[in-house]
Every structure is written in C-alpha cells, then in structure tokens.
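Please read these notes beside the structure.

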Amino acid sequence: MARLHARVANARRDGLHKLTTRLVRGFGTIVLEDLNVAGMLRNRSLARHIAGVGMGEPRRQTTYKTTWAGGRLVVADRWYPSSKTCSDCGAVKAKLPLRVRVYHCDECGLMLDRDLNAARNLAALVDELAGDTSTASCAGTLNTPDGNPCQTHTVWAAGTATGRPAPPGTGQRRRRKATTA
C-alpha cells in the first residue's frame with residue numbers, strides 16, 4: 001500500500017514539474033491569481049477536489065522556474081475582479097456566482113465563457129502593469145469586498161466525531177434537580 005501511495009505521489013510530482021517547466025519555457029510572462037484557498041476549502045462540495053490539487057506547489061514551482069528562466073511572473077491580487085469585469089467594455093458586475101459559467105455583460109451584450117473572460121482581463125492587467133496600453137477593462141476597477149477582508153469567520157465543528165470538546169451547555173440536556181415536597 002505504501003509503494004502504491006509513493007508511486008501516485010511521484011507521478012503527480014513529475015506531472016506538475018513537467019507542466020510548470022512547459023509553461024515557463026513556452027511563455028515569457030505568466031499570470032497567476034492569488035486565490036483564497038482556505039476559504040474554498042470550507043465549501044463542502046469543492047473541498048476534496050481543491051485539497052487534492054495542492055494549489056501552493058504549482059505557484060512555488062512557477063515562481064522559482066520563472067526566476068531561473070528570466071521570465072516574468074505577475075500575481076493578480078485576490079480582490080482583482082477578473083471574472084466579474086467585462087473584457088470588452090470594462091463594466092464590473094457586483095456579484096457573479098460560481099455556477100454561472102457564461103459571462104453576459106449587461107452594458108455591451110458580450111457573451112463569453114467565464115474563464116476566457118477572466119484570462120483576457122488578466123492579460124490586460126499585465127499590459128497595464130507594463131505600461132504598454134491602457135485598456136478599458138482594467139481602468140477604474142476597484143473591487144471592495146463586503147466586510148473586513150482581514151477578518152475571517154471560522155466555524156469549528158465540535159463533538160465526539162471531531163475530537164474537539166463541545167462548549168458547555170451545547171447539545172447536552174441538563175437534568176432538573178428533583179425537589180421533594
């Protein structure tokens with residue numbers, strides 16, 4: 001069993017090294033998004049898939065390999081609205097749920113795959129950072145998140161299944177003291 005696990009880990013590591021090397025050799029500039037992985041792990045339906053990917057390792061490998069190759073790595077801010085911004089006119093939507101896979105702009109009528117729209121916006125971000133061109137999709141797109149982005153709201157499970165002690169008074173019935181008259 002241990003040999004099988006080691007074999008799978010080696011195959012994943014090898015595939016990841018080949019992917020990052022191919023990206024760095026094939027492109028002079030690579031754009032990565034800084035994602036809230038800890039927040040995505042709290043989503044029950046996505047947690048197992050996201051944890052299996054190990055999102056920190058591709059970024060680490062891409063970072064040092066672009067340094068070696070003399071390329072450029074641009075990391076888009078966590079709050080940059082790459083998916084919510086129209087790549088044609090620059091309009092920013094307030095909310096765009098993950099289940100919506102096709103981006104539809106209410107301003108100009110553009111219909112585009114959500115990921116392709118985000119890729120165009122990230123390419124425009126690189127152009128703006130380099131000072132090459134001034135694009136409408138990046139100009140004035142200030143995204144302020146609701147609430148305090150530095151404050152995290154974590155709800156921890158408690159009880160015998162998790163091994164954490166339950167807070168006093170939760171889930172426990174208290175018996176009334178019997179009074180004799």
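1. Cys89 is partly exposed because its relative accessibility is 32%; buried means under 20% relative accessible area, exposed over 50%, and partly exposed in between, with a 1.4 Å probe and protein chains only. Cys105 is buried, with a relative accessible area of 2%.

2. The sulfur of Cys89 has its closest cysteine sulfur in Cys105, 3.6 Å away, which is too far for a bond. A disulfide is a pair of cysteine sulfur atoms within 2.5 Å, and the structure holds 0 disulfides.

3. This is a predicted model, where local features need pLDDT of at least 70, side-chain atom pairs count only at pLDDT 80 or more, and totals for chains, interfaces and linings use all residues. Residues are numbered from 1 along each chain as its sequence is written, and side-chain values use heavy atoms, leaving out hydrogens and water.

4. Helix H5 covers residues 114-130; helices (H or I, at least four residues) and strands (E, at least two) are DSSP runs, numbered from the N terminus.

5. Among the buried residues of H5 are Asn117, Asn121 and Leu125. The buried residues of H5 pack against strands E1 (29-33), E2 (72-76), E3 (102-104) and E4 (111-113), contact being heavy atoms within 4.5 Å. Just after H5, Gly131 has a positive phi of about 80°.

6. Leu4 lies in helix H1 (residues 2-26) and counts as exposed because its relative accessibility is 51%.

Definitions and conventions: The expected span of a helix is 1.5 Å times one less than its number of residues.
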